[in-house]
Amino acid sequence: MKIAVDAMGGDNAPKEIVKGAIQAVKKYPHEIILVGDENKIQEFLKDEPDIKKFPLTIKHASEVIEMGEHPAEAVKNKKDSSIVVATHMVKDGEADAVFSAGSTGAAVSAAQLILKRIHGVNRPAIATPIPSPKGVTLMLDSGANVDSKPEHLLQSGIMGALYAEHVFGIKNPKVGLLNIGEEDTKGNELVKEAYKLFQDVKTINFCGNAEGRDIPEGHFDVVVCDGFVGNVVLKFGEGLALTILKLIKEAIEDGGIAAKVGALLLTPALTSLAKRLDVSEYGGAPLLGVEGCCVIGHGSSDAKSICNAIGVAANYVKGNVLEHIKIGIS
């Protein structure tokens, strides 16, 4: 399996991207192709004398799409940008998947313009795993589309259920529609119309409306919403997790010797909690609905996140998700 990595995308590129790729190529039995400025990439490879033993190569790309650029226009105008070149590699069969921690809009635009949408899919959706006591809750869309129609939400539910089944191994995953209440009369017109569509589809296990608290509690395996709401929920959750860990640390520091001794005894439990709340454990989220595997990472991704995101891409390909979605949508 070959995975093309946008080495120039993200707040910490190319340093953390290269470091993450090095970790991944030593962890997974896959070839990784770093796409970007070859001289800058080599700068962070020179201290890895044994890297030549591993299937890690470079494909030069002279341009970079910056975070503030208009995504679609940048993709069209910067033909030799790292994300465009990496996405073309999937289109041309040179790679099985592409990963980028750069501009989400650019990654989505590149996937739609180059890979194209799966026949029958109106809008692709980003599927983000969120930790829960039962494992993960897959939420989509988390940012690909800020304006959705009822049929877009339905297709997101179908694609999300297939991903949860074939990657997370969840049989007959429970699908919920994010709303302000459980009753089918609640919500805005978009959600109420989408509810009716979900009720008529018998190929997925639709279990009704999901409220915000159901996402972290794990009452549903898949939660569907439009990209505007999903992105707000995602970033609120990330901020809340960091705040909880910060407050625990401050309480221990301010609690005197007794608190510090108690914290020492609780270290294994606190370490486990931090790991479960750490978004880098999942690394990236797949863009479902395009003709190929495209995984998108957080702009602030570090090496650990990059490594795990490459694993997400590999699991997508191994799970044959693309073919399952084609069948499910048809």
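Me: In this predicted model, what is the handedness of the crossing of helix 6 and helix 7?
Reply: The crossing of helix 6 and helix 7 is right-handed, a term used if the near helix is turned clockwise from the far one by less than a right angle.

Me: Which residues of helix 6 and helix 7 meet?
Reply: From helix 6, P150, E151, L153, L154 and G157 meet L190, E193, A194, L197 and F198 of helix 7.

Me: What makes strand 5 and strand 11 a pair?
Reply: Pairing requires at least two bridges, and two bridges join strand 5 to strand 11 (residues 284–288), which run antiparallel. A125 stands opposite L288 in strand 11.

Me: Why is one side of strand 3 and of strand 5 left without a neighbour in the sheet?
Reply: The open sheet has seven strands in the order 3-2-1-4-12-11-5, with mixed pairing. Strand 3 and strand 5 (125–126) stand at its edges and have a single partner strand each, so one side of each lacks a neighbour.

Me: Which residues of helix 1 are called buried?
Reply: Buried means under 20% relative accessible area, and in helix 1 this holds for E16, I17, V18, G20, A21, I22, A24 and V25. Their cover includes strand 1 (2–6), strand 2 (31–36) and helix 12 (303–318).

Note on methods:
Residues numbered from 1 in each chain as written. Predicted model: local features only at pLDDT ≥ 70, side-chain atom pairs only at ≥ 80, totals over all residues. Heavy atoms only, no water. Buried < 20%, exposed > 50% of the residue type's maximum accessible area, 1.4 Å probe, protein only. Helix = DSSP H or I, 4+ residues; strand = E, 2+ residues; numbered from the N terminus. Contact = heavy atoms within 4.5 Å.
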